[in-house]
Amino acid sequence: MVTSSPSDSSAPPLLLYVVKQLELATRAQLDALLRPSGVTALQYTAMTVLARRPAMSSADLARASFVSAQSTADLVGALERRALIQRQVDPGSRRRMLISLTEQGHAFLAEYDPLVAQLEERMLRSLDQRQRGDLREYLNSCRRALNAPADATPA
């Protein structure tokens, strides 16, 4: 029996490679879509996180947005200067600041979310509803597997 190795030119690319290509393609499309607004894809992602989970700490926002603490500090500063987010002292811990969307931030998302939804629809146009649900489930399963400790057994 002959098996193909990852370097075999007749073998399909590794799924890790395909996922990375998809990430790069979606990031490029999202950057192009948002470019006229002056908001980056990372900033937009952070804003969508804040829309779902208002009043987050910078560290929580960094984890939820998949960026480093330094990147979060930069994007929070940029969004705050544009009045799309605001920082307030956490009433439960005076040493902690909480970040939330402003009215302008909500208005920005109301304007751009439909355009981003159209981009996603374009990406998924060849899939029916069942396939879309399956894809979401498979991708989330892969994400959970990579976030689990290396020695954990799948559930």
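Select Ala83 to begin: is Ala83 buried, partly exposed or exposed? With a relative accessibility of 29%, Ala83 counts as partly exposed, because buried means under 20% relative accessible area, exposed means over 50%, and partly exposed is in between (1.4 Å probe, protein chains only).

A word before moving on: this is a predicted model, in which local features need pLDDT of at least 70, side-chain atom pairs count only at pLDDT 80 or more, and totals for chains, interfaces and linings use all residues. Residues are numbered from 1 along each chain as its sequence is written, and side-chain values use heavy atoms, with hydrogens and water left out.

Helices (H or I, at least four residues) and strands (E, at least two) are DSSP runs, numbered from the N terminus. Ala83 isn't a glycine, yet its phi is positive, about 60 degrees.

Now hop to Phe66, in the loop between H3 and H4. Phe66 also has a positive phi, near 60 degrees, and is a residue other than glycine. Phe66 counts as exposed, at 66% relative accessibility.

Next, show helix H3 (residues 58-65) together with H4: their axes come within 9 Å and cross at roughly 105 degrees. That makes H3 roughly perpendicular to H4. Axes here are lines fitted to C-alpha atoms, for helices over the stretch in contact, and angles run from 0 to 180 degrees between N-to-C directions; under 35 degrees counts as roughly parallel, over 145 as roughly antiparallel, 65 to 115 as roughly perpendicular and the rest as oblique.

Last stop: the largest nonpolar core, which has 24 residues. Such a core is a set of buried Ala, Val, Leu, Ile, Met, Phe, Trp, Tyr and Cys residues joined through side-chain atoms within 4.5 Å. Among those with the most contacts inside this core are Tyr44, Met47 and Phe108. H2 gives the largest share, six residues. Finish by clicking Tyr44: beyond its neighbours within four places in sequence, Tyr44 touches residues including Leu30, Phe108 and Tyr112.

Conventions: Contact means heavy atoms within 4.5 Å.
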